[in-house]
Amino acid sequence: MILVTGGAGFIGANFVLNWLRDSEEAVLNVDKMTYAGNLRTLAPLADNPGHIFVRGDICDGALLDGLLAQHKPRAVVHFAAESHVDRSIHGPADFVQTNVVGTFTLLEAVRRYWSPLDDAARAAFRFLHVSTDEVFGSLSPTDPPFSETTAYAPNSPYSATKAGSDHLVRAYHHTYGLPTLTTNCSNNYGPYQFPEKLIPLMIANALAGKPLPVYGDGQNVRDWLYVGDHCAAVREVLARGEPGETYNVGGWNEKTNIDVVTTICELLDGIRPKAHGSYREQIAFVKDRPGHDRRYAIDARKLERTLGWKPAETFETGMAKTVRWYLDNPAWVSEVASGDYRKWLETNYAKRD
């Protein structure tokens, strides 16, 4: 069994679904179920005995101690985090609590569990921490992409708290010998993403006839990574990564925000055209957010060189799959938009808490 934190969020849920599709190894899924947690995403696993869901907070050390003692996982994959930059600007305290205090509490619980294991079990155990490229700060147009040795320079409360969690994970390896792994990924996109994020927000607004808000001049650059590729990379690092190492995970797809939005408009124009005109006519530039990093780019050559991983999707194929998924799953989208997805938790999983 493996323990996954944050397995009802966007990336975590995709990871759990893909893991149980491809493996018979069980997953203990611990998620606090904040606004971004959606158990409707995990509905295909409702009757799967290999998926054990626990509604719980990673800041609850006693809960974690009990779960680790009861289920005895061979690995922990730590996705749980507050992750939206805009929310971190308006409410940084939640980010400090979850990303820093929560990661610390989880590390302490894992250390208590791991320390008394026999030598073979201690050596085989892994703690994989999933982080972000935002910890590295911002790049100029001519700077080389972030590598695993790039100095940390976070510029938002979100990225600062993720940087803090990265440092804690590193310290627990070097101080206590805990066999940790860290991945720093670029911007994910794909199915089941909460609609406050750029790509699902643009799709939803476009279809609803609303403005497509683009910050500033739209020239901020991100490297876009299809979530299925990210999940595959995490599995590779968990299976064959070297304890104490960090691995950058990127899609090799640097795109400006305005290029992303126009790509969505072009795909929608082809798949579900408007009666008149193009979805591009809905694009509206809005005031930039504070501390908006200009460019991120990931150098993922270490992961390809050492573990043989590289993304399967190009930006074009991944975006086509993503737009099609949102068009084919209006019930999931409408439940999230209306807040009805929260009822799924109480109806289907309250008894499993």
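1. Contact here means heavy atoms within 4.5 Å. The model is predicted.

2. In that sense, helix 7 meets helix 11 through Ile199, Pro200, Ile203 and Leu207 on the one side and Met319, Thr322, Val323, Tyr326 and Leu327 on the other. Sorted by class, this contact has eight nonpolar residues, one polar residue and no charged residues.

3. The geometry of this pair is as follows. The axes of helix 7 (residues 198–208) and helix 11 (residues 315–328) come within 11 Å and cross at roughly 50 degrees. The two helices are therefore oblique to each other. The crossing of helix 7 with helix 11 is right-handed.

4. The largest nonpolar core has 37 residues, among which Phe15 and Val77 touch the most other members. At least two residues of this core come from each of strand 1 (2–5), helix 1 (10–22), strand 4 (75–78), strand 5 (126–132), strand 6 (180–185), helix 8 (227–240), strand 10 (246–249) and helix 10 (301–307). Helix 1 gives the most, with eight residues.

5. Leaving aside residues up to four places away in sequence, Phe15 touches Ile2, Val4, Val77, Phe79, Cys231, Val234 and Arg235.

6. Gly339 sits in the loop between helix 12 (330–338) and helix 13 (341–349). Is Gly339 buried or partly exposed? With a relative accessible area of 28%, Gly339 is partly exposed. Gly339 and Tyr35 are 304 residues apart in sequence, and their C-alpha atoms are 8.9 Å apart in space.

How values were computed. Residues numbered from 1 in each chain as written. Predicted model: local features only at pLDDT ≥ 70, side-chain atom pairs only at ≥ 80, totals over all residues. Heavy atoms only, no water. Core = buried A, V, L, I, M, F, W, Y, C linked by side-chain atoms within 4.5 Å. Buried < 20%, exposed > 50% of the residue type's maximum accessible area, 1.4 Å probe, protein only. Helix = DSSP H or I, 4+ residues; strand = E, 2+ residues; numbered from the N terminus. Axes fitted to C-alpha atoms, helices over the stretch in contact; angles between N-to-C directions. Parallel < 35°, antiparallel > 145°, perpendicular 65-115°, else oblique. Left-handed = near helix turned anticlockwise from the far one by under 90°. Nonpolar A, V, L, I, M, F, W, Y, C, P; charged D, E, K, R; others polar.
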